[in-house]
Amino acid sequence: MEFLSGLASILLFLLGFGLLIFVHELGHFAAAKWSDIRTEAFAIGFGPPIISWRKGIGWTLGSTTSKVKQKTGLDPRQLSDQALVDQGIGETEYSIRWLPLGGFVRMLGQDDLAPAASSSEDRSFNRTAIWKRMIVVSAGVTMNLIFAAILFVIAFSIGVRFEAPTIGMVATGSPASIAVGTGAAEDLIGLKP
């Protein structure tokens with residue numbers, strides 16, 4: 001029984017962590033779309049995809065890349081925006097991956113593993129105005145702050161139960177031992193365990 005309780009705690013932790021990652025990456029993704037930057041991937045987790053979805057391809061175990069190659073003869077990253085539209089294929093692959101310790105949004109012309117990478121395409125990250133890039137980069141943290149504020153409003157609107165504070169021991173000579181009550185408790189001196 002203790003094993004199941006521990007397993008449930010681990011699953012709840014992963015679910016909560018995954019939700020935070022999703023909200024964070026959603027901020028980057030939404031800002032990139034708003035900035036008209038080509039987004040090639042939206043992933044929760046790292047490593048190979050467990051399951052993925054792409055407009056025009058649908059749900060796939062693993063990556064949709066092989067199905068795009070079957071349909072067009074090219075890797076989706078090699079296809080132009082117009083070629084994707086002509087084939088009825090979405091530019092973004094949405095995926096859940098094996099290692100649930102993060103996530104990422106892959107944008108054209110932006111590669112964390114190769115910082116010097118760039119693209120000459122109009123919709124690439126490095127060709128976008130600097131102020132828009134700043135918004136894209138900071139959007140993840142901003143979404144986490146907004147999400148936290150929303151959760152606080154919900155939690156305190158519903159009500160949060162806190163255990164009443166209990167005093168276990170009062171050290172002699174401490175401020176707690178000489179505190180004077182107010183109102184009806186005016187004649188009381190010191191907190192009592």
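Mentor: We will take a helix, then the core, the rings and a few single residues.

Trainee: What kind of model is it, and what are the ground rules?
Mentor: It is a predicted model: local features need pLDDT of at least 70, side-chain atom pairs count only at pLDDT 80 or more, and totals for chains, interfaces and linings use all residues. Residues are numbered from 1 along each chain as its sequence is written, and side-chain values use heavy atoms, with hydrogens and water left out.

Trainee: Start with α4. How many residues does it have?
Mentor: It has 29 residues, 130–158. First C-alpha to last, α4 reaches 42 Å, close to the 42 Å expected at 1.5 Å a residue. The expected span is 1.5 Å times one less than the number of residues. Helices here are DSSP runs of H or I, at least four residues, and strands are runs of E, at least two, all numbered from the N terminus.

Trainee: Where does α4 bend?
Mentor: At A139, by about 45°. That is the angle between axes fitted to the seven residues ending there and the seven starting there.

Trainee: And which residues of α4 are buried?
Mentor: V136, A139, G140 and F147. Buried means under 20% relative accessible area, exposed over 50%, and partly exposed in between, with a 1.4 Å probe and protein chains only.

Trainee: What comes just after α4?
Mentor: G159, with a positive phi of about 110°.

Trainee: Now the core. Which residues make up the largest nonpolar one?
Mentor: There are 12 residues: I21, F29, A31, A32, I37, F42, I44, V105, M107, F125, V136 and A139. A nonpolar core is a set of buried Ala, Val, Leu, Ile, Met, Phe, Trp, Tyr and Cys residues joined through side-chain atoms within 4.5 Å.

Trainee: Which elements give two or more residues to this core?
Mentor: α1 (2–34), β1 (39–54), β3 (93–107) and α4. The largest share, four residues, comes from α1.

Trainee: What lies apart from it?
Mentor: Another core, of five residues, including V68, L79, L84 and I89.

Trainee: Switching to rings. How many aromatic pairs are there?
Mentor: Nine. Rings of Phe, Tyr and Trp (its six-membered ring) pair if their centres lie within 6.5 Å; planes under 30 degrees apart count as stacked, over 60 as edge-to-face and the rest as tilted. One of the pairs is F22 with F42, edge-to-face, 5.9 Å centre to centre and 80° between the planes. That pair links distant parts of the chain: F22 is in helix α1 and F42 in strand β1, 20 residues apart.

Trainee: Is F22 buried or partly exposed?
Mentor: Partly exposed, because its relative accessibility is 36%. F42 sits at 6%, so F42 counts as buried.

Trainee: Why is F29 with F42 called edge-to-face?
Mentor: Because their planes are at 70°, with ring centres 5.3 Å apart. This pair also links distant parts of the chain, F29 in α1 and F42 in β1, 13 residues apart. F22, F29, F42, W53 and Y94 form one aromatic cluster.

Trainee: Next, T128. Where is that one?
Mentor: In the loop between β3 and α4. T128 is buried, at 8% relative accessible area. The T128 side chain reaches the backbone oxygen of S124 at 2.9 Å. Beyond neighbours within four places in sequence, T128 contacts S35, I37 and R133.

Trainee: Last one: where is S177?
Mentor: In helix α5, residues 175–178. The S177 side chain reaches the backbone nitrogen of G173 at 3.1 Å.

Methods:
Polar contact = N/O pair within 3.5 Å; in protein donor to acceptor, adjacent residues only side chain to side chain. Contact = heavy atoms within 4.5 Å.
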